Amino acid sequence: MRINDLTLVRSRAEMAGWPDGKFLIDTVNAHSFVVAQKDAAFADALLSADALLPDGISIVKACRWLKMQSAPVEKIAGADLFAYEMGKLEEKGGICFFLGSSPDVLARIEERAAEVYPHIRVITYSPPYKPVFSAEDNQAMVEAINAAHPDLLWVGMTAPKQEKWLHEHWAELDIHGHAGAIGAVFDFFAGTVKRAPQKWIDLGLEWLYRLFREPRRTWRRYLIDNPRFLWLVLQEKLSK
């Protein structure tokens with residue numbers, strides 16, 4: 001997979017043109033791009049999404065450097081997607097399903113959503129914590145989602161697990177609207193993890209803030225995968 005293989009959403013304004021109905025949204029950053037080089041199922045999931053957001057300033061800059069005709073003009077994080085979609089659903093009312101994370105985090109999400117989005121009915125499901133789900137696990141998750149008939153579905157299992165799960169079970173899901181894999185946003189909204197201040201985000205340094213706050217969890221993706229990403233982009237540039 002190359003940067004030029006990605007069809008990325010160019011700006012937040014473009015999101016207003018998304019169709020109603022069942023629609024799959026994924027995000028890509030430097031870390032997930034590197035992981036996708038060795039994980040064909042993950043690469044396929046990203047390339048098959050109805051919309052792919054540039055969730056990383058490095059993705060945006062790489063597209064510009066490669067002079068892609070459809071290069072995005074801004075970073076659109078999973079948190080931005082979450083706020084946009086939840087705001088839209090709040091206006092008309094509906095059901096939102098959260099799949100993933102722990103029961104404690106999901107309880108905090110339900111509590112906060114009741115305050116921030118009173119016109120949205122929130123339903124949650126915490127899957128078992130294991131590297132690989134069994135057929136029974138997957139069936140239980142699909143049935144829980146379909147029983148709710150949600151207007152909006154969020155999956156938070158960390159990449160690439162969440163994107164691959166959505167892609168693999170997409171045809172089985174009975175949802176009326178959009179779905180997205182948003183990982184850390186579950187913790188941001190629940191308040192269990194603090195997102196970077198807006199000044200850091202505006203400067204393109206959200207990754208550095210996360211590295212400072214969660215070094216044991218994020219050091220590999222930022223200190224190892226980011227240089228790998230730069231090398232992959234350089235190779236693509238030289239190949240032209």
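**View 1. Helices around the largest pocket of the predicted model.** Seven helices are named here for the lining of the largest pocket, each with at least two residues: helix H1 (30-36), helix H3 (57-65), helix H4 (78-92), helix H7 (161-169), helix H8 (185-190), H10 and H11. The structure shown is a predicted model. H11 makes the biggest contribution to this lining, with 7 residues. The volume of the largest pocket is about 840 Å³.

**View 2. Residues at the centre of the largest pocket.** The lining of the largest pocket comprises 39 residues, and those nearest its centre are Asn29, Asp55, Arg210, Arg221 and Tyr222. By class, the lining of this pocket holds 18 nonpolar, 12 polar and 9 charged residues. Arg210, one of the residues nearest the centre, is also among the buried residues of helix H10.

**View 3. Packing of helix H10.** Helix H10 spans residues 206-213, and its buried residues are Glu206, Tyr209, Arg210 and Leu211. These buried residues pack against two helices, helix H9 (198-202) and helix H11 (215-239). Both H10 and H11 supply at least two residues to the lining of the largest pocket.

**View 4. The second largest pocket.** This pocket has a volume of about 660 Å³. It is lined by 27 residues, and Lys130, Phe133, Met157, Thr158 and Lys161 are the closest to its centre. H7 provides the largest share of the lining, 5 residues. H7 and H8 each give at least two residues to this lining, and each also gives at least two to that of the largest pocket. The lining of the second largest pocket divides into 12 nonpolar, 9 polar and 6 charged residues.

**View 5. The parallel sheet.** The open sheet is built from 6 strands in the order E2-E1-E6-E5-E3-E4, with parallel pairing. At its edges are strand E2 (51-54) and strand E4 (120-125), each of which pairs on one side only. On average, neighbouring strands of the sheet are turned by 20° against each other, direction ignored. Strands of a sheet pair through backbone hydrogen bonds.

**View 6. Strands E3 and E4 with helix H5.** Strand E3 (residues 94-100) runs parallel to E4 and is joined to it by 6 bridges. Within this pair, Leu99 stands opposite Tyr125 in E4. Helix H5 (residues 103-116) lies across E3 and E4, and its direction is at about 180° to that of E4. E4 is one of the edge strands of the sheet.

Terms used:
Residues are numbered from 1 along each chain as its sequence is written. This is a predicted model: local features need pLDDT of at least 70, side-chain atom pairs count only at pLDDT 80 or more; totals for chains, interfaces and linings use all residues. Side-chain values use heavy atoms; hydrogens and water are left out. Two strands pair if DSSP finds at least two bridges between them. Helices (H or I, at least four residues) and strands (E, at least two) are DSSP runs, numbered from the N terminus. Axes are lines fitted to C-alpha atoms, for helices over the stretch in contact, and angles run from 0 to 180 degrees between N-to-C directions. Contact means heavy atoms within 4.5 Å. Buried means under 20% relative accessible area, exposed over 50%, partly exposed in between (1.4 Å probe, protein chains only). On a 1 Å grid over the protein atoms alone, a cavity is a set of points where a 1.4 Å probe fits but cannot get out, and a pocket is an open set with protein on both sides within 12 Å along at least five of seven lines; lining residues have an atom within 4 Å of a point. Grid points are joined across faces, edges and corners, and a volume is the space filled by probe spheres set on the points. Ala, Val, Leu, Ile, Met, Phe, Trp, Tyr, Cys and Pro count as nonpolar, Asp, Glu, Lys and Arg as charged, and the others, Gly among them, as polar.
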